[in-house]
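Let's take a walk through this protein together, one piece at a time.

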Amino acid sequence: MSKDFHPTVDPTKMGLGRSIAVLTSGGDAQGMNAAVRATVRVGLYAGAKVYFVHEVGAAYMDGYQYLVLFTCQGGTVIGSARSKDFRTREGRMKGACNLVKLGITNLCVIGGDGSLTGANQFRTEWSGLLEDLVKAGKITAAEAKKSSHLNIVGMVGSIDNDFCGTDMTIGTDSALHRIMEVVDAITTTAQSHQRTFILEVMGRHCGYLALVTALACGADWVFIPEMPPDDDWENHLCRRLTDQRSRGCRLNVIIVAEGAMSRDGKPITSDQIKKLVTDRLGFDTRTTILGHVQRGGTPSAFDRILGSRMGVEAVMALMEATPDTPACVVSLSGNLAVRLPLMECVQVTKDVTAAMAEGRFDDAIKLRGKSFENNWNTYKLLAHINPPDVKSNINVAIMNIGAPCAGMNAAVRSAVRMGIIQGHTMFAVHDGFDGLAHGQIEPINWTSVSGWTGKGGSMLGTKRTLPGKMLEEISQNIAKFNIHALVIIGGFEAYVGGLELVQAREKYEEMCIPMVVIPATVSNNVPGSDFSIGADTALNTITSTCDRIKQSAAGTKRRVFIVETMGGYCGYLATMAGLAAGADAAYIFEERFGIKDLEMNVEHLVEKMKTTVKRGLILRNENSNANYTTDFIFNLYSEEGKGTFDCRKNVLGHMQQGGTPTPFDRTFGTKMGAKSVRWLSEKLKECYRHGRIFANTPDSACVLGMRKRALTFQPLSDLKGDTDFEHRIPKTQWWLKIRPIMKILAKYDIKLDTSEHADMEHVIKKNSSFGK
């Protein structure tokens, strides 16, 4: 991101006299509607005229100045297809003619690599197409001159996540939700009968869905096209399944990508694997091919927010484009929206296919991106026990602190297994710092954590108690159990507790050991990380509940729902759920509000009720204001809305902390747990002096957090300056910058800050370790 100040640019006038056409092409993907909605509403906000291209038939364009589109629908409401006409020059001439007649010179394309490549070809041919149209008398020379240049911006909508240059494509996270729902259901029945399940997922020639599913469920084996198994894979697979059964595992899961193949390029099918397992091992084996169920259903909160953010950035890119600007694609890099040259991304995507065809499988993995490579390496390490022959004589303790949240167990599992792989002895500390003080510590092994990735809550047990008053007992137990390193997984209490242990190093030498804090809380309020484990699951719970609440008023005219969310003083859940669920307002502590703001929101809803939409949604963070409580806001809206709308109130409560973790939280927790132990192993080597461990430097006690594009370790002591300890939140929070998007999408007349925007980057510079 760069800051270029344009004091004279009014964002509401950037699009005056300009027209934008929006189309969805190729296979449909959940979240496309959110992208369409954001593109249309931000286009209208900027003063542009916005058109739909229905069913990618460029001959059928309808201009809309006003739009009502709900983000809670899957697929795409404007229709998506693979257009045969557009592959011919005649078809593209027809499309160009329609665009020129309507004065459209800005095209926003939402689709896969084929759709985006076709759009770029259209742009490249544009001048020639106009010349031919003038010669044929279809358009005038004046019309051709007025439309002399075509700007194109792409957003990648594909469940396959097969487009290089972006960490996540729109629809991928929702597809993973569908897959994990099936995996969880299969797990229960398979354990009852001691079965082997083979699950085939989509993805064409990309193994992303299969790989992340395997990582998220701890599958015994995964077949992906980027890395075919070794020639002796049949024997290796049978040995692994037999070994798992001998360890007492009642369930075997094998994940197969639909494009899976052997080293010599022959397809590997689910039926082929089933026959192998049944004939060789005699295991009761079942096959499930998911098919198009992966494309269906409502989009996840991640996909709704991703589609909305991408739509906003796409409009900004079109408004700022010049005749020299290459066609670009809006991508997700870590936690940032970036613009990349479209054809660079297409070329790298083609390079992956070429690498697989030529048998350069290591190159194929690398070309998919750093994070795909990290996923593959993490899966290989954690999937099967392979401890070193020599023990490290290092003892690492793992504990959960604060309120439980979904994904904690995934982090514990991967930390335990990574420690065992590195030769360490792993200890589980039950009930947080209380357990550490009272000796509730026991060894934990490889099989102890089997099946933990999909379990919600905290299997170790957790408490909010801080260590400050138990330092003497804690130091004694660290010495008694000979603990050399500590993994602390939890929320704000884990962060503060870690700080207290670091401060105690001056008095207690036992505390001079490497420590790492992994943020895990629904509130997403831990300094040092943009995301916490558990927040995505809570966000999806809130979003799906808001969907149900709104549906309950489907037959009722003019109703406003006021929903209270958790989060302490942190407004992350209220803001992001508001963006995902299409809320009219979200009240949070970080953005002060008063009676005038409440009055403005009521007036806005009164106006909204005059349109075709007769429902309103207001979110309120639980600690947003001590005086303007949920009851107060409910009473105010009820009174002021009399005769226009009635109100209903919902306090969601602890349901936000429960449930099985989302695919994101499972994989995020898994990667965080594994990375934390690898880091501790390196720190232990650095801190080993004169036959013992001694760590007292600030960088020996860190928070492992997601910062923009990478997982980074930041000393606990360095983060104190960025912490509001009274309200238990970081002083700087990235998501506050996207709050205006929610207001614009809710059709509020506000000013959008355009001084900070995404520059055009290049694919080769991208090195994110997030998402994929």
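Two strands pair if DSSP finds at least two bridges between them. Helices and strands themselves are DSSP runs, numbered from the N terminus: a helix is H or I with at least four residues, and a strand is E with at least two. You are looking at a predicted model, where local features need pLDDT of at least 70 and side-chain atom pairs count only at pLDDT 80 or more, while totals for chains, interfaces and linings use all residues. Residues are numbered from 1 along each chain as its sequence is written, and side-chain values use heavy atoms, with hydrogens and water left out.

## The whole protein

Start by zooming out. The protein has 22 helices and 30 strands. Its radius of gyration is 27 Å, close to the 28 Å that the globule rule gives for 772 residues, so the protein is as compact as a globular protein of that length. (The radius is taken over C-alpha atoms, and the rule is 2.2 Å times the number of residues to the power 0.38.) Along its principal axes, the C-alpha trace spans about 90 × 70 × 50 Å.

How much of the protein is buried? Of the 772 residues, 61% count as buried. Here buried means under 20% relative accessible area, exposed means over 50%, and partly exposed is in between, using a 1.4 Å probe and protein chains only. The protein exposes about 29,400 Å², and carbon and sulfur atoms supply 51% of that area. These areas come from the Shrake-Rupley method with a 1.4 Å probe, and for residues only the protein chains shown count as cover.

Now for contacts, meaning heavy atoms within 4.5 Å. Among contacts in the protein with a separation of 6 or more, 79% are between residues 24 or more positions apart.

## A covered strand

Next, find strand β7, residues 151-156. It is mostly covered, with 6 of its 6 residues buried. In a regular strand the side chains alternate between the two faces of the sheet. In β7, both faces are covered: N151, V153 and M155 are buried on one side, and I152, G154 and V156 are buried on the other.

Which strands pair with β7? Strand β6 (residues 106-111) pairs with β7 in the parallel sense over 6 bridges, and G111 stands opposite V156 in β7. Strand β12 (residues 328-333) also runs parallel to β7, joined by 3 bridges. There, C328 in β12 is the bridge partner of V153.

Helix α1 covers residues 32-45, which makes 14 residues. From its first C-alpha to its last it reaches 20 Å, close to the 20 Å expected at 1.5 Å a residue; the expected span is 1.5 Å times one less than the number of residues. Is α1 mostly covered or mostly open? It's mostly covered, as 13 of its 14 residues are buried. Just after α1 comes G47, with a positive phi of about 95°.

## Two loop residues with positive phi

N161 lies in the loop between β7 and α5 (172-193). Its phi is near 55°, a positive value in a residue other than glycine. N161 counts as buried because its relative accessibility is 1%.

K747 is found in the loop between α22 (739-745) and β30 (756-757). It has a positive phi of about 70° although it is not a glycine. K747 is partly exposed because its relative accessible area is 47%.

F433 is found in helix α14 (residues 432-438). At 0% relative accessibility, F433 counts as buried. Not counting residues up to four places away in sequence, F433 touches a list of residues including M399, T465, P467, I488 and L501. The C-alpha atoms of F433 and G26 are separated by 53 Å, and these two are 407 residues apart along the chain.

T723 lies in strand β28 (residues 723-724) and, at 5% relative accessibility, counts as buried. Leaving aside neighbours within four places in sequence, T723 is in contact with F492, Y495, P527, I729 and K731.

## Checking the cysteines

A disulfide is a pair of cysteine sulfur atoms within 2.5 Å, and by this rule the count comes to 0. C206 counts as buried at 1% relative accessibility, and C97 is buried with a relative accessible area of 14%.
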